[in-house]
Amino acid sequence: MASAKTRSATADPISEFFAGLEQPGHLATFERETATLRFDVTDGARVEHWHVAIHDGDVTVTRRQLPADAIVRIARSPFEAIVTGRLNAQAALLRGMLTCEGSMAALMTFQRSLPGPPGSTGKVAPISSAEVMAQRRPA
Amino acid sequence: MSDGLVQILEGNTFVVSDDKGDIEASRTDPTGLFSFDTRFLSRWVLTVNGQRLTALSTDDLQYFQTRFFLVPGSGSVYIDAKLSVIREREVADGFHEQLRVLNHENDPVDLEIRIEAASDFADLFEVKDALRKKGQYGNGVAGDSLVLRYRRETYVRETWISASTPALLDDKGMTFRVTVPAHGEWTTELDVVASEGSPEGPSDGPVGIRGQRRRVRQDLARGLQKWLQRAPTVDCDWEPLEHIYRRCMTDLAALRFSTLTMPGRALPAAGLPWFMTIFGRDSILTSLQALPFTSELASTTLQALAERQGTRVDDFRDEDPGRIPHEMRYGELTAFEERPHSPYYGNADATMLYVVLLDEYERWTGDTKLVRDLEHAAGAALNWIDEYADRQGNGYVSYQRRNAKTGLENQCWKDSWDSISYRNGDLPGFPRATCELQGYAYDAKMRGARLARLVWKDPAFADRLEKEAADLKRRFNRDFWVKDGEYFAVALDSDGRQVDSLTSNIGHLLWSGIVDVSKARAVVRHLMGPRLFSGWGVRTLAEGEARYNPIGYHVGTVWPFDNSFIAWGLRRYGFKAEAACIVAGILEAAEVFDGRLPEAFGGYARSSTMYPVQYPTACSPQAWSTGAPLLLLRAGLGLEPHGDNLVVDPALPKRIGNLEVLDLPGRWKRIDAFGRGRIDTDRVTRR
């Protein structure tokens, strides 16, 4: 299977995401997983295809319209939000912005590779006992 | 749940109605047809010739099936009913209702039978918090169906209602004009289907919510029967135990929940009906409790949680790489990221308990294949302990939410706002390092080391984990030990100071093995002493602490699940007679509650109230209360896998007499366990 290492000249977050996904060649989070997904990304009347094959940690991305375990349909703009961490994929699915035909398990596996929201630092300032007590009733 | 409400359930679809089978929900009234955390019917009212009906009786045939016997009239006076109505309802991907009208007269009768239907499509969170909807409603008739519709941008939910016989449909319901022959009957079959709908416009028919497959109703009945047949048999001189056991296994069956990615496989949801979803902590602890009796729940839980394990830093969801999810929800507020439950990760214990469950599962089943498959997930979970959970950089697991608006403040099992306090009642700041978290971290590392050596063939990793565990244990026994009280502090606060109240958490420390043997006897003295032990079980918070309240949620009540793990802990340290006292107290409470233990009951001394006082909770059965008697049986019989054998070392309360548990499944295929009650527990439980 030919692998298209797509590096768009223009800043296209979707192309960048898939290039970044394939670039390391192997992702530990995908070990022991086998799944294929095709993303049909609509942009007006145009449909772009991205085919992702996961095999025991190895990832291959092509632009071909191949069959897959999961066919994911989504408009370009929300998909850009998803691959840049601004929209949560599970929320998009529940909201009806994204549809998945076939294996939900494949989509669940894939979503592990999505980034978190920009601005999430994992840090938070400690709160003192006095501050907690000020908000809460004494015993 | 208030009395008079009838609930039936399949998966996460459930109906809560009154005893007539009618639904008349208000915005905050928790009745209706719910599926995937959304209310699909908020009104469902049957009338005959404009008259409401009265219930003669209501029978729960199965957990997913109810029959209502009704007669026309208000029921305020005795009615010589010339008609009777039987509604039989079964839950599937919505519900199916058979409606039968029986004419008891010698003449035919003309009737106008009407069903009124409406839906507010409320998210479960909206029902709880009385929030307003942001989308638009639109009802309409499509072919033979009445369609109730809600739309907010691309989010669409629909309820499709149809009947097997001709009906006049309008926006608010359906009407049947029928003539019922003398001593004859008229029947129709009503179908209510919860549907996802399509943002593109009206669909031709209902669209099943996210792959939830429609199950044939007979399958449900057969499935329950098979589940019960596969379960080990319990024979006991003390008959209540047989009843408690049957109740547990049936309730566990009702609590089984299938995820969208693993249809046909089941994990335990947290509680019925409001918590019918994946909860990391509850699903793991219930799977642990049930392991001697069924390993199926554990294997599904381990796989389903691995699928959703955290992979990124997301402050809104309190997600970190390797963290095991706390709660998954499917409703509108989650869809629009107004709530973080897609899933939400705010717990500090499930990630460590995940490794504990994986190891315990292997010890019972010998299923090394699953352990190999989950090597990455377990590795990521173990990595989370040091990389993300040590929030103060002091070598202890602590928690503080990053989502201050909709995240959880207390990320341990005692998750209410006042559960963690100093003796004087003051509340500590954040982060908080509660003691049981350190125990779980120790246990996860020790068990991870065993799996690394045995299955993952990584002795270097095993050595490292054991070294870290030993170091943690040494520091913990120094830093958490309250010298003047001789017990472990419930937590260290954000300054590293001891949060010094006496709590049931010290029992979990025995379970995890982090307690120095030299300190165990003092811990046990407290657990069985009058400040913590009520006669029924160990209180969450000791009498005498400032916030102690015998009916305070986590500050004085007795939790059966908590006690089941404490009993296991007592066995781990060799305190057999003390474990038997907990087995006796909780099982005797279960007898009073007719076999179904509530989430919690009052911490009043047994000698003063005679009966355990139920704490009012929304959910019954609750998964980890359902699992408690199973773990207590394990503790009482001293069941412990040892290589390919099951060790049985009974220490049972006298009252139990002879106990036989037949066909315990495991790597040994099937084994029977026998025990005879010899321990006089009354002198402790009824003192």
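Visitor: Where is K457(B) found?
Guide: K457(B) sits in the loop between helix 10 (435-454) and helix 11 (459-479) of chain B. Helices (H or I, at least four residues) and strands (E, at least two) are DSSP runs, numbered from the N terminus. The model is a predicted one, in which local features need pLDDT of at least 70, side-chain atom pairs count only at pLDDT 80 or more, and totals for chains, interfaces and linings use all residues. Residues are numbered from 1 along each chain as its sequence is written, while chains are lettered from A and ligands numbered from 1 in the order in which they are written.

Visitor: What phi does K457(B) have?
Guide: K457(B) has a positive phi of about 50°, although it is not a glycine.

Visitor: You mentioned helix 7 of chain B. How many of its residues are buried?
Guide: Helix 7 of chain B is mostly covered, with 14 of its 16 residues buried. Its 16 residues (350-365) should span 22 Å at 1.5 Å a residue, and its end C-alpha atoms are 21 Å apart, which agrees. The expected span is 1.5 Å times one less than the number of residues in the helix. Just after helix 7 of chain B, G366(B) takes a positive phi of about 70°.

Visitor: Where does helix 17 of chain B bend?
Guide: Helix 17 of chain B bends by about 25° at P629(B). That bend is the angle between axes fitted to the seven residues ending there and the seven starting there. The 15 residues of helix 17 of chain B (623-637) should span 21 Å at 1.5 Å a residue, and the end C-alpha atoms are 22 Å apart, which agrees. Helix 17 of chain B is mostly covered, with 15 of its 15 residues buried. Just after helix 17 of chain B, G638(B) takes a positive phi of about 65°.

Visitor: Which residues have the most contacts inside the largest nonpolar core?
Guide: They are Y354(B), L357(B), L358(B) and V583(B), in a core of 193 residues. A nonpolar core is a set of buried Ala, Val, Leu, Ile, Met, Phe, Trp, Tyr and Cys residues joined through C-beta atoms within 7 Å.

Visitor: What is V583(B) in contact with?
Guide: Leaving aside neighbours within four places in sequence, V583(B) is in contact with A567(B), L632(B), A635(B), G636(B), L652(B) and P653(B). Contact here requires C-beta atoms, placed from the backbone, within 7 Å of each other.

Visitor: How many residues of chain A are in contact with chain B?
Guide: 32 residues of chain A are in contact with 39 residues of chain B. The elements giving two or more residues to this side of chain A are helix 3 (89-95), helix 4 (104-110) and helix 5 (129-135) of chain A.

Visitor: How is chain B divided into domains?
Guide: Chain B has domain 1 (6-216), domain 2 (231-276 + 533-557 + 576-687) and domain 3 (309-527). These bounds come from an automatic or database domain assignment. The C-alpha centres of domain 2 and domain 3 of chain B lie 23 Å apart, and 16 residues of domain 2 of chain B are in contact with 19 residues of domain 3 of chain B.

Notes. A residue is buried if 20 or more other C-beta atoms lie within 10 Å of its own, exposed if 12 or fewer, and partly exposed in between; C-beta atoms are placed from the backbone. Two residues are in contact if their C-beta atoms, placed from the backbone, lie within 7 Å.
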